[in-house]
Amino acid sequence: MKYVLMFAEPPQYAEYLAAMSDEERQAAYDEVGRWFAENAARITHHVHLLPAHTATTMRKVDGHAEVTDGPFVEGKEIVTGFVEAEVADLDEALAMARSWPGCPVIEIRPADV
Amino acid sequence: MCDDVGRPHDELARVVRDHAGRLAASLVHLLGDFSAAEDLVQDAIETALRRWPVEGVPDRPDAWLFTVARNRGLDVLRRQARYREKLTQLQWPAREEPDDRLRLLFTCCHPALPRQAQVALTLRTICGLTTPQIAAAFLVPESTVAQRITRAKRKITDAAIPYRIPPDAELPERLNEVLTVVYLLYNEGYLSSTGDGAWSRRLAEDAEWLASSLVWTLPREPEVIGLLALIRLHQARACARFDAGGRIVLLPDQDRSRWDHAAIAEAGQLIARAAASGRPGPYQLQAAIVACHAEAPRWEDTDWAQIVVLYDMLLAVAPSPVTRLNRAIALRYHAGPEAAMKEVDALAEHLDRYPLLHATRAELLRALGAPEEAREADRRALDLTANPAQRAIIEDRISWTC
């Protein structure tokens, strides 16, 4: 079954990363790299998104489209990337998410394929 | 157990309950569809509840239920070929798989489902309660319960929540989820916030039954045994908890001859069996504390030193301000009211909205010779509690000491 793991960062996470020393930050990135290597057999697709300020939102209002810059301003947790994985069931997807060493919020949803 | 107070037992409901879980489990196992299997069982139970009182309970109630469920299923699913094929393969008794029902319980209590849905689904699917019964027990509208159950079942199917007992590595965490739900059911029944005696008793009995099924299937998990012991100990003393007028009788005033001493002794053996594994946990420790009370021949004989030690261990594995408050109450009888008061005062900030904190303060203030302040604390406790039994006790106390 195909699942999408959406990684989201709350505002505190950027502060947490910023507070790290260069070596600590590199170690954190390495951990993420290892996670991708360990799960390579399951991951069918991976997209990392550019920061939230690059986003453009189109909203349909009364039949016409309004384009604004940025994601919803009130958005507290911003999706920064996603992974598509082929696993047996939700428990396997949860186990993957549990070992994810990066940002603290992950939404897991089955993909309708 | 409580027949002496004239509570007729519903044997019919018991038969249905004992078989519903196993039936649902085998149907889910073979159909692979949670929702369809559960509907079939509900239908069969409703038919049984209608017909058994008229026609008598059949010799083999389980086989009867299974046949009704299967025939009904064949009617409903005739258009769906892949189910029909599977249904015709069904035989009763199903393959000997003692853990089918347990798998169902773990599915109902999956951490991806909200707690309230876990509780509702467990009651409905495994205990065989109807939606209106669950709604009555938890004082929520029927439509809310129905919605929770529908959403949860849809999520189980759509998100592919697996129907299985989790692997060993995940078992402790998942088992915790299951034990919490069983404990919640028991508390709801025992503390009876609804005020309806019949439903409360049913919930308490269902929780005891679930706990004993868990022990039967996972005989080496100390916390499972601990939970069963805890529930058995509370149940063993349940008869003496209320007076003829339905008022709570406090522990020091209870008639200990009415306790089920055989059940208390058995619970003691359960605790010893759990302790032999050398893995103490919150349920085992709570059971041990309740056992100290239950095994004392008189209130004056209570082993308070032991109880304080057990609370210290409990605080080490599961720290909580309510546990600290309970320890403070024990400390009063072990080290005196001053020592207890110091502890209670330290907790006042965390538990300001908790009625038992103020009721405890009132008792201690009275023991320390400050009746005015004690009355004030009792009034504060009264403002905070909605439970009618608790209110009655505090009101009594205020009027006595006026």
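Trainee: How much area is buried between chain A and chain B in this predicted model, and what share do carbon and sulfur atoms give?

Mentor: The size of an interface is often given as the accessible area lost when the parts come together. Here buried area is the accessible area (1.4 Å probe) that two parts lose on being put together, summed over both. For chain A and chain B the value is about 770 Å², with 50% from carbon and sulfur atoms. L90(A), D91(A) and R98(A) supply 59% of what chain A buries against chain B, more than any other three residues. The contact (heavy atoms within 4.5 Å) takes eight residues from chain A and 11 residues from chain B.

Trainee: Which conventions apply to these values?

Mentor: The model is predicted, so local features need pLDDT of at least 70 and side-chain atom pairs count only at pLDDT 80 or more, while totals for chains, interfaces and linings use all residues. Side-chain values use heavy atoms, without hydrogens and water; residues are numbered from 1 along each chain as its sequence is written, and chains are lettered from A and ligands numbered from 1 in the order in which they are written.

Trainee: How many helices and strands are there in chain A?

Mentor: Helices (H or I, at least four residues) and strands (E, at least two) are DSSP runs, numbered from the N terminus. Chain A has three helices and six strands, in the order β-α-α-β-β-β-β-α-β from the N terminus. Its C-alpha trace spans about 45 × 40 × 20 Å along the principal axes.

Trainee: At what angle do α9(B) and α11(B) pack?

Mentor: Axes are lines fitted to C-alpha atoms, for helices over the stretch in contact, and angles run from 0 to 180 degrees between N-to-C directions. Angles under 35 degrees count as roughly parallel, over 145 as roughly antiparallel, 65 to 115 as roughly perpendicular and the rest as oblique. Helix α9 (residues 171–191) and helix α11 (residues 222–236) of chain B pack at about 5 degrees, their axes 11 Å apart. The two helices α9(B) and α11(B) are therefore roughly parallel. Residues of this contact include L175(B) and Y190(B) of α9(B) and V224(B) and H234(B) of α11(B).

Trainee: What is the handedness of the crossing of α15(B) and α17(B)?

Mentor: A crossing is left-handed if the near helix is turned anticlockwise from the far one by less than a right angle, and right-handed if clockwise. The crossing of α15(B) and α17(B) is left-handed. Among the residues in contact are L325(B) and R332(B) of α15(B), and T360(B) and E363(B) of α17(B). By class, this contact has seven nonpolar, one polar and two charged residues; Ala, Val, Leu, Ile, Met, Phe, Trp, Tyr, Cys and Pro count as nonpolar, Asp, Glu, Lys and Arg as charged, and the others, Gly among them, as polar.

Trainee: Which helix does α12(B) pass in a left-handed crossing?

Mentor: α12(B) passes α13(B) in that way. Their angle is about 145 degrees, with the axes 10 Å apart.
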